[in-house]
Amino acid sequence: MIQALSGQLLVGLINGSFYALLSLGLAIIFGLLDVVNFAHGAQYMLGAFVAWMAMQYLGINYWSALILVPLAVGVLGMVFEQLVLRRLYGLDPLYGLLLTFGLALVLEGIFQNAFGISGKSYPVPDLLQGGTNLGFMFLPRYRMWVVVVSIAVCFGCWFMIERTRLGAYLRAGTENPVLLQAFGVNVPLIRALTYGFGVALAAFAGVMAAPIYQVTPLMGSGVIMVVFAVVVIGGMGSIAGSIITGLGLGLIEGLTKFFYAPASDVVVFVVMALVLLARPAGLFGRQL
Amino acid sequence: MRRAFSNMALGGILILIGTAAAVAQVSGDVVKIGVLTDMTGAYSDLAGQGSVIAAQMAAEDFGGKVLGKPIVIISADHQNKADVASNIARKWYDEEQVDAIADLVSSSTALAVMPVAAEKKRITLISGAASTPIEGEKCTAYNVHYTYNTYSMAVGTGRAVVQKGGKTWFFIVADYVFGKTLEADTSKVVIASGGKVLGDVKAPFPTTDFSSYLLQAQASGAQIIGLANAGADTINAIKQANEFGITKKQSLAGLLVFLSDIHSLGLPVAKGMYLTTAFYWDRNGESRKWSKRFFERHKKMPTMVQAGVYSSLTHYFNAIKAAGTDDADKVMAKMKQMPVNDFFARNGHIGADGLHRHDMYLAQVKSPAESKYPWDYYKIVKTIPAPEAFQPPDPICPQVKK
């Protein structure tokens with residue numbers, strides 16, 4: 001019993017680090033741009049598919065993809081921001097939500113048309129094949145890598161935004177763009193970079209996910225619901241909140257899968273409802 | 001001369017009346033088939049556009065006409081939703097003179113359309129759906145369950161695996177009707193063959209991360225982990241079982257696996273797995289010939305569901321021809337009377353309950369080294385004869401009692 005439970009907790013932690021990584025990008029985009037990026041799941045899917053295509057057609061391996069794919073998808077994100085999204089700044093956030101939701105549908109439709117619903121299989125890189133027997137469970141090396149990398153990336157982002165000068169500019173860009181511009185900072189460029197960075201994080205999560213999950217056109221639409229719940233529970237826009245909540249919800253979900261599996265897909269939303277009843281701004285959000 | 005002319009004219013009129021009478025036998029001067037399937041969702045690879053193409057091929061190969069009247073194929077997306085499916089069916093039967101609805105992938109949509117068809121006295125030719133209640137308590141007089149069912153999957157894979165020494169089982173079940181039926185049917189077969197079921201876990205549908213369930217399956221110590229799910233769920237479960245090293249000590253039994261699943265999983269992950277299928281494109285010359293024509297148009301080899309759509313429609317057209325009418329009652333009688341022998345089915349016979357009983361095949365997925373050319377995925381290990389592959393007619397179905 002204890003053995004089985006520790007296994008489930010570890011698996012929960014692994015999933016939680018995925019949630020943290022995905023909600024991080026979402027929280028950055030919302031926190032710094034006030035945009036509810038509904039295309040986040042599709043951009044995550046795009047990351048996984050671009051990695052698969054890069055391997056299939058260009059022979060680019062996993063390690064290079066880990067760097068190149070987020071860059072490429074991030075640039076696509078910036079193009080989208082420059083051409084369309086920026087026109088909606090200052091309007092009701094609902095417009096941005098609808099626009100990005102539309103983008104998600106378009107992206108999913110294109111990939112479904114090209115690759116079918118069952119998608120493609122991406123192999124685990126040779127260096128991370130196999131795993132360790134922990135006694136209570138077999139831990140695949142790749143999953144260990146996911147946890148370590150996710151936590152490192154999450155901490156790095158939090159540090160950059162909350163503790164560095166660049167982060168201060170980014171935050172100032174939301175608080176008072178006019179004043180920041182008066183100081184000679186190129187605010188539109190900062191915004192484009194911020195969106196691109198958030199999108200790149202989604203694509204990065206996609207590359208990380210590709211060897212574990214089947215790469216399918218709809219892989220993002222399933223996980224995006226949970227990730228939105230994570231961001232809401234953590235407090236919209238709170239970066240540390242998203243990270244901690246992501247990990248925590250992964251654990252709670254893991255426990256549910258062990259004790260009563262059929263409830264595991266609703267438990268996240270039950271937690272969300274309870275948290276919102278007690279703290280409408282989320283666990284770490286600034287009270288409204 | 002004058003008389004001869006009037007005789008000829010009379011003869012001509014008689015001939016015209018004759019054809020007019022024959023015309024009256026085909027309602028609406030057209031035989032219209034509606035392919036109702038999942039065009040964009042979880043099952044769109046195993047059915048979807050491929051099923052529509054199969055239906056079009058069936059119509060073309062029949063000459064585009066039956067009893068001198070054109071065959072028309074239309075299609076729609078039921079999105080795997082029961083209410084959407086029954087609404088489209090109602091509209092097709094009422095307003096668009098559809099004579100038969102084909103495919104119907106996913107049990108919930110099939111069970112929703114069947115009563116509509118029965119009420120309107122029109123035909124359903126189910127290829128995609130699997131649940132046994134279709135020919136059991138939910139059976140109708142106007143339905144044919146053509147390609148496979150959960151019982152045949154259970155018998156094929158379940159019995160074969162137990163006979164090969166896989167005595168103890170643990171199930172990972174998709175938490176809805178289909179998954180539960182599949183688990184129940186397989187459990188019965190496992191126990192009857194001398195095996196034992198150690199436990200199960202019901203995973204929400206759909207699930208992407210199976211690691212928790214796989215760990216529970218591993219902890220059960222069962223030799224065999226039965227996957228009572230389909231499509232993307234099966235694919236992810238198999239992929240992650242490999243990742244967690246579970247396949248080293250325990251074996252997976254995919255209880256419903258399609259060619260399209262193997263294609264997207266890839267042989268390195270899927271190799272060695274047993275599965276039951278109604279059709280494999282590379283089984284013999286006849287199946288190869290048809291499948292290559294299908295491939296030309298769809299760029300993918302056919303799944304059993306898509307091949308079943310073609311075969312069921314061809315059988316339907318033949319029955320119309322034999323009956324000399326498209327009247328549903330008469331055509332159903334002919335369909336049940338005429339045996340099916342084509343590239344798809346050997347020794348096929350449609351019972352009073354509407355279930356098409358035919359030979360099934362136990363297949364094993366090839367390793368990458370064994371696979372010599374694209375789509376070379378299965379070894380056919382065994383032919384399961386029709387009486388063994390399908391359950392006998394269940395008296396719970398009113399048609400059987402008659």
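From the N terminus on, chain A runs α-α-α-α-β-β-α-α-α-α-α-α-α, which amounts to 11 helices and two strands; helices (H or I, at least four residues) and strands (E, at least two) are DSSP runs, numbered from the N terminus. The radius of gyration of chain A, taken over C-alpha atoms, is 19 Å, close to the 19 Å that the globule rule gives for 288 residues, so chain A is as compact as a globular protein of that length. That rule is 2.2 Å times the number of residues to the power 0.38.

This is a predicted model, in which local features need pLDDT of at least 70 and side-chain atom pairs count only at pLDDT 80 or more, while totals for chains, interfaces and linings use all residues. Residues are numbered from 1 along each chain as its sequence is written, and chains are lettered from A and ligands numbered from 1 in the order in which they are written.

| Property of chain A | Value |
|---|---|
| Box filled by the C-alpha atoms, along the principal axes | roughly 60 × 50 × 35 Å |
| Buried residues, of 288 | 51% |
| Contacts between residues 24 or more positions apart, of those with a separation of 6 or more | 77% |

A residue is buried if 20 or more other C-beta atoms lie within 10 Å of its own; two residues are in contact if their C-beta atoms, placed from the backbone, lie within 7 Å.

The contact between the chains takes 32 residues from chain A and 32 residues from chain B. On the side of chain B, the elements giving two or more residues are strand S8 (196–203), helix H7 (211–220), helix H8 (231–243) and helix H9 (259–265). H8(B) gives the most, with six residues. This side divides into 13 nonpolar, 12 polar and seven charged residues; Ala, Val, Leu, Ile, Met, Phe, Trp, Tyr, Cys and Pro count as nonpolar, Asp, Glu, Lys and Arg as charged, and the others, Gly among them, as polar.

In H7(B), nine of the 10 residues are buried, including Tyr213(B), Leu214(B) and Gln216(B). Their cover includes helix H1 (2–33) and helix H10 (239–259) of chain A, together with S8 and H8 of chain B, among others. Just after H7(B), Gly221(B) takes a positive phi of about 75 degrees.

Elsewhere in chain B, the axes of helix H12 (residues 304–323) and helix H13 (residues 328–337), lines fitted to C-alpha atoms over the stretch in contact, come within 8 Å and cross at roughly 115 degrees. H12(B) is therefore roughly perpendicular to H13(B), a term covering angles of 65 to 115 degrees, on a scale from 0 to 180 degrees between N-to-C directions.

Definitions and conventions. Parallel < 35°, antiparallel > 145°, perpendicular 65-115°, else oblique. Buried ≥ 20, exposed ≤ 12 C-beta atoms within 10 Å, placed from the backbone.
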